[in-house]
Amino acid sequence: MPLIVTLTLTPSLDTATSTAKVYPEGKLRCQAPVFEPGGGGINVARAITHLGGQATALLPSGGPTGAHLVELLQQEGVTVDALQTHDWTRQNLHVVSDATGEQFRFVMPGAALHEDEWQQLLAKIAQLPAGTLLVLSGSLPPNMTTAAVTELLQCARQQGLRTIVDSSGEALKAAVAFGGLELLKPNQSELAELTGQTLEQPDQVVNAARSLISQGAAKRIVVSLGPQGALAVDAEQCIQVVPPPVIKRSTVGAGDSMVGAMVLKLAEDAPLADMVRFGVAAGTAATMNQGTKLCSKEDTEKLYQYLQLQ
């Protein structure tokens, strides 16, 4: 099994609480807060750990919030490689109104990465053994441009790493332009933006993904289709997996759970069909939980077995 490393450039310490009612000016008395690790790559590493695999979460960590984040990850059994930074790790706040059930999500800007800290992160990536699966997931720090994405991918290529990208916006465009990715996971609207096409029919989605593959952007592309599941495409195959019917309680963490499960199958050199089925199973398992909980191994395995029979 190759090493799996996830990189999160804008990690967060997520704080969740609830209050009777949300209104301006007055003091809102809240319940005791619950703290959880946050950030795309971090959640991918957590999902892999929940599913019985091993992954190292590589991340910048600063101040007491960063120390708390690292502690929470270690408590979950996630291997952590944290680079100590000058700026504190951000802390997000999620508040639920008991009166309405509405959730208010206050997302802070990510901490800046100084040039010497960025170079130290690149040095860590340059030390990874060839064949490592490197997962890049999440947003860029506010002081970074997409040139950093290109520099990062160039470093990974020189080291012989297999790169998986789950991002958005300009960072996603930069990764596609660089190319050579092991796996790319856009949603349907992101794929439309990447290709400049209107994607209304399944064939159009397939053709758009195939166009990126033929251009060398990625070996495999898995397009998230929301309730319709996911469409997996490579140079030879096209497989759509529709999620099984379950009672959905939350969609938070579903995408990261899906990526984590697919990376596990990539590490096993599993066929494309098995990879996307396991991914959809894990993403669906995450939706069965309330709040921000990720997939569980038990639920994922049951759903995976169901999908294999379809």
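I started with the pair H8 and H9: the axes of helix H8 (residues 254–267) and H9 come within 7 Å and cross at roughly 150°. The model I am reading is a predicted one. I noted the crossing of H8 and H9 as right-handed.

Next I looked up which residues make this contact. On the H8 side I listed Ala254, Ser257, Met258, Ala261, Met262, Leu264, Lys265 and Leu266. On the H9 side I listed Asp274, Met275, Val276, Phe278, Gly279, Val280, Ala282, Gly283, Ala286 and Thr287. I sorted the residues of the contact of H8 with H9 into 12 nonpolar, 4 polar and 2 charged.

I then moved to H9 and H10. Their axes come within 8 Å, and the crossing angle is roughly 135°. That angle makes H9 oblique to H10. I recorded the crossing of H9 and H10 as right-handed. From H9, the contact uses Asp274, Arg277, Phe278, Val280, Ala281, Ala282, Thr284 and Ala285. From H10, I wrote down Asp299, Thr300, Glu301, Leu303, Tyr304, Leu307 and Gln308. The residues of the contact of H9 with H10 divide into 8 nonpolar, 3 polar and 4 charged.

Ser296 sits in the loop between helix H9 (272–287) and helix H10 (297–308). I have Ser296 down as partly exposed, because its relative accessibility is 24%. I also took the C-alpha to C-alpha distance from Ser296 to Ala286, which is 7.2 Å in space for 10 residues in sequence. Ala286 had already come up among the H9 residues that meet H8.

Last, I turned to helix H1 (residues 40–50). I counted 10 of its 11 residues as buried, so H1 is largely enclosed by the rest of the structure. The buried residues of H1 are Gly40, Gly41, Ile42, Asn43, Val44, Ala45, Arg46, Ala47, Ile48 and Thr49. I asked what covers the buried residues of H1. The cover includes strand S1 (4–7), strand S3 (34–38), strand S4 (56–61), helix H2 (63–75) and strand S8 (133–137). H8, where these notes began, is also part of that cover. After H1 comes Gly52, and I noted its phi as positive, near 95°.

Key. Residues are numbered from 1 along each chain as its sequence is written. This is a predicted model: local features need pLDDT of at least 70, side-chain atom pairs count only at pLDDT 80 or more; totals for chains, interfaces and linings use all residues. Side-chain values use heavy atoms; hydrogens and water are left out. Helices (H or I, at least four residues) and strands (E, at least two) are DSSP runs, numbered from the N terminus. Buried means under 20% relative accessible area, exposed over 50%, partly exposed in between (1.4 Å probe, protein chains only). Axes are lines fitted to C-alpha atoms, for helices over the stretch in contact, and angles run from 0 to 180 degrees between N-to-C directions. Angles under 35 degrees count as roughly parallel, over 145 as roughly antiparallel, 65 to 115 as roughly perpendicular and the rest as oblique. A crossing is left-handed if the near helix is turned anticlockwise from the far one by less than a right angle, and right-handed if clockwise. Contact means heavy atoms within 4.5 Å. Ala, Val, Leu, Ile, Met, Phe, Trp, Tyr, Cys and Pro count as nonpolar, Asp, Glu, Lys and Arg as charged, and the others, Gly among them, as polar.
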